[in-house]
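The entries follow in the order in which I made them.

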Amino acid sequence: MSMPLLELCNISRIFTRNDGVFDKLARRLAIGRPLENLVAVDNVSMVVNRGETVGIVGESGCGKSTLGRVAVQLLAPTSGKVCFEGKDIATLPAEEARRARFKLQMVFQNPYTSLNPRRRVGETVIEAAVAHGLVAKADARDAAIEAMGRVGLKPDFIDRFPHALSGGQRQRVGIARALAVDPACVVFDEAVAALDVSIQAQILELLVELRQNSSFASVFISHDLNVVRYIADRVVILYLGRVVETASTATLFDNPHHPYSRALMAEAPQLKAQKKTFTPIVGELPSPLSPPSGCQFHPRCPHAMPRCKTDQPMLRQLGDRHFSACHLEVGQGEEGRIEEAGKRKVVQA
Amino acid sequence: MSSSQTANNSAAGKGTKMSSLRSLFDFLRRQSIFSLLCLAIFLFLILAAISAPWITPQNPYDNAQVDFFDANLAPGTVSGDGRFVYLLGSDALGRDLYSAILYGLRTSLSISGTAALLALAIGTLAGLAAAYFKGATDMLIMRAVDIKLGFPTILVAMVIMSIFGAGYFNLVIALVLAQWPYYARTARSVALVQIGQEYIEAARCLELPVHRLILVHLLPNSLPPLLVVFTLQLAHAAAIEASLSFLGLGVSIEAPSLGLLIANGSKEILSGHSWQLIYPGLALVLLIFTVNIVGDRLRRILNPKERG
């Protein structure tokens, strides 16, 4: 297998409360509040190959965005390393590290805050390319128009300010900005979550089209399974900062193994099934400040066994590039799913 | 002002001379009469201060031109040698008050303007640096700000003036030292909000150089509240300068400012020469008031959401 483009190795990111001098002093004297650590991302490894789209799925607060920001080096990992083309970015000399980071770009969630309100669209799109010498200053305007054309923005938007644009148009500007510097990998952090459904579809189509025409790899972070299913080649499912299951999109959606994945799939809205009932996953997402012991999903899992409370399940390979972190054997718990479906029918009747 | 003018140009589309003039006219027509009036008065005061030597009948600080026998003349009196009329009267030393006010305005405006601009530049950069670099830089800058803010502005200015002595540049330095913390604190708090926004993350992601990130992205978006602080502080600087001069700690006696005129006038008020206090005071009030109104208007104009 060739070298992966981007590799995250055992990434953890812990957020600590930012204590002042007095809190620190008080803790020294053993009268202060204890330190609280929030483990946003816990020992996650993943690989992005050239030209591939990896989807990251999970509930809000499961560390999706933190993982994305670590991947593009906006946040430093507490432990673990990010390798770009096989080299650990943290150990590269400053200039090389900068070049590597420059190849990793991000499209942000909120189109209303991700554009500088005081800069015209053209400036926003082409600024970095000019600053890094990819485009000569004299050609900046033409290059901006070309970059905007790639994302379906008309040239006359070039002198507009972001406030004169709609959410979808702004998101196109954000995409054009990321692509204008010829990135190797783009992280889309909930890139369509803030948009209307019809605009979402347009942006998704644009992304699919862009991916067909260009070679960049992408990481697509979303809480929306249908969106990820549409766009991703491979899917990683996160729960409370840990990977619970990862597989190619087809495998995962046809044959999910982890009970959490199954629960997510079962509850995703579908047009065909005309589902009228909705059974949410039991319970709430536990506080990441005090995560459950063992398998973090066990308080909500319909198949929880005694050992789930004590042993943290490791990722096990189930098939070709299909990994799952669950103690259940393949096929085990399937009958539960059928039973539940049966119950649901009774309720409907 | 330049950024509001570029906005006008862009509104007109093509940047030809004719259309930019017309768009400037259109732009002015959209403003309220009151703010336009204040702008006019403010500009008039600046213009009058600059052209004082050419539009006043005497240089009030050239003893050769001042006639001591014309002391305490009421407004409208013709001078002893019959060369000109004391429009606003004369003071206890026989100086023409109209000339003295314009010369005083010149001193006051240049000192407070220079000081406010310098304090704006220094304070803003310090505040932005504190917000962006965090950690020790932040700690150092903001504790310096806190220490300064622990003392009353006028006290700090007085201490500095008594150490360095009276004089034009010492006054500017005293005002800058007294005022930069207000800008630093505002700049830091505004910048902290901006840094949390995703466009700053995007700029970091695009590996833009730090100076570009701070000056091109952070600064323009942090500027509107700072402009409001600037106008307040400009007016405040004029007031402090007047107070210091009033207390005898301002500029030297040879080049007096509005504050010194007010100080002199206040000694004469019980003698019934009220014009010696009223007219310099009125000039100071007019200056401070119009600066505030113009600044408030500027703030709204500079907000891109209120542009067309």
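In which helix of chain B is B:I147 found? I found B:I147 in helix α6 (residues 135-149) of chain B, helices being DSSP runs (H or I) of at least four residues, numbered from the N terminus.

Before going on, I noted that this is a predicted model in which local features need pLDDT of at least 70 and side-chain atom pairs count only at pLDDT 80 or more, while totals for chains, interfaces and linings use all residues. Residues are numbered from 1 along each chain, chains are lettered from A and ligands numbered from 1 in the order written, and side-chain values use heavy atoms, without hydrogens and water.

I then looked up the exposure of B:I147, and its relative accessible area of 57% makes it exposed (buried is under 20%, exposed over 50%, partly exposed in between, with a 1.4 Å probe and protein chains only).

Next I turned to aromatic pairs, whose ring centres lie within 6.5 Å, with planes under 30 degrees apart counted as stacked, over 60 as edge-to-face and the rest as tilted. I noted seven of them over all chains. The pair of B:Y168 and B:F169 is edge-to-face, because the ring centres are 5.3 Å apart and the planes stand at 70°. B:Y168 is partly exposed at 32% relative accessibility, whereas B:F169 is exposed at 63% relative accessible area.

Last, I listed the contacts (heavy atoms within 4.5 Å) of A:F188, which, leaving aside residues up to four places away in sequence, include A:V107, A:I175 and A:F220.

Note on methods
Helix = DSSP H or I, 4+ residues; strand = E, 2+ residues; numbered from the N terminus. Phe/Tyr/Trp six-rings, centres within 6.5 Å; stacked < 30°, edge-to-face > 60°.
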